[in-house]
Amino acid sequence: KHDYAKQWKARTGGKVFGYLCCYMPEEIVYAAGILPVRIIGGHEPQELTGPYIYSSMFCPFCRNCLAEGLKGHYDYLDGVTLGKSCYHMRHTFDSWRYHLPISFYYFISVPQRADNPAAQRFLAAELEEFKKALEEYVGKPISREALERAIEVYNTNRRLLSQLYELRKSDSPPVSGAETLEIVLSSMFMDKEEHNRLLAEALEELPKRPDPPKPGSRLMVVGGENDEAELLSLVEDLGAIFVTDDACMGTRYFGTEVLPQEDLVSAIATRLLAKPPCPLKDVFFERRRAGLLQQIKDYRVEGVLFIQQKFCDPHELDIPVLQKLCNENNIPNFFVELDTTLPRGQLRTRAEAFLEMLQLELV
């Protein structure tokens, strides 16, 4: 990911902004001629962040995002932004701002209650202020034409990713869950226009691929940040295939498009609040419960894997509610807690037992 952004920057002469949560109006950044890239962590134990994050009970993902910055791995960034997220990620953003010399930092206050009638008006005003700050930074206005083009480029990417997920509804999906995660992650790091071309070509070829994944128990992964495709491939190698997800590096990232509206910034705000919500934006779990059951039905899910970053408070509250929902609807499920490194042995043992149980129930 770093090599691509550096090469893009050298090739175009443009600037690159990092963002720490997918509640971020990438279209506005892209319309300003800036490449938005998702900041993710490494997967190596580190003690570097101890002096910068005061609590030992902050999730490993936020710690590792900060560590990647402190190590200089994101030294090509010209700016860092955050749409209001969990407290842990907000502290990571503040630590970046205080300790890493980057020319542009911006915090966007995204409402916690996305269903509040005033939320859309509030967020639209926030995004207008963000747009003005970007215009001042780049030294020119962001034209309506540039914003329209950015919205179309991003909407096209969302349509293509949705088509990829449609392929996974078949009896023998031509793409695995691990491969899908890699594709979604690549869309977060690449120029969307280039990603659109490559993804459109892949969608043409996937149904004809000579080595499709082996069919298996149809699983869904639900939870917070996971950028490690190995987690999914380890389970899939045991005789399963992930056919969908509810994750911020999956459907919660690209779900819903920006719909036509005279006020383009307001339309982007509407889309951010309407997209599949994370636990922080659906405090009564109504949309998440309904969305989970609908996906299970649409993708004919046979079992659910819940994943949670250690110490992640929002998902620690969310997962028991969704597990209870699964149990009430006779949907087998199991839970894995993630840390800095992948718990391969524990995950393999748990997954083997779960898949054996699942096969017995399906007989």
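A cavity is a set of points, on a 1 Å grid over the protein atoms alone, where a 1.4 Å probe fits but cannot get out; lining residues have an atom within 4 Å of a point. This is a predicted model, in which local features need pLDDT of at least 70 and side-chain atom pairs count only at pLDDT 80 or more, while totals for chains, interfaces and linings use all residues. Residues are numbered from 1 along each chain as its sequence is written, and side-chain values use heavy atoms, with hydrogens and water left out.

**View 1. The largest cavity has a lining of 20 residues.** Nearest its centre lie Ser-85, Cys-86, Glu-225, Cys-278 and His-315. The volume of the largest cavity is about 210 Å³. Grid points are joined across faces, edges and corners, and a volume is the space filled by probe spheres set on the points. By this rule there are 5 cavities of 30 Å³ or more. The lining of the largest cavity has 13 nonpolar residues, 3 polar and 4 charged. Here Ala, Val, Leu, Ile, Met, Phe, Trp, Tyr, Cys and Pro count as nonpolar, Asp, Glu, Lys and Arg as charged, and the others, Gly among them, as polar. Helix α13 gives the most to this lining, with 3 residues.

**View 2. Helix α13 covers residues 313-328.** Helices (H or I, at least four residues) and strands (E, at least two) are DSSP runs, numbered from the N terminus. The expected span is 1.5 Å times one less than the number of residues. Buried residues (under 20% relative accessible area; exposed is over 50%, partly exposed in between; 1.4 Å probe, protein chains only) in α13 include His-315, Asp-318 and Leu-322. The buried residues of α13 pack, with contact meaning heavy atoms within 4.5 Å, against β5, α10, α12, β7 and β8. Just after α13, Asn-330 takes a positive phi of about 55°.

**View 3. The largest pocket has a volume of about 340 Å³.** Its lining has 19 residues, and Thr-251, Pro-276, Gly-291, Gln-295 and Tyr-299 are the closest to its centre. A pocket is an open set of points with protein on both sides within 12 Å along at least five of seven lines. Helix α12 gives the most to the lining of the largest pocket, with 7 residues. This lining divides into 6 nonpolar, 6 polar and 7 charged residues.

**View 4. Ser-172 lies in the loop between α6 and α7.** Ser-172 counts as partly exposed because its relative accessibility is 45%.
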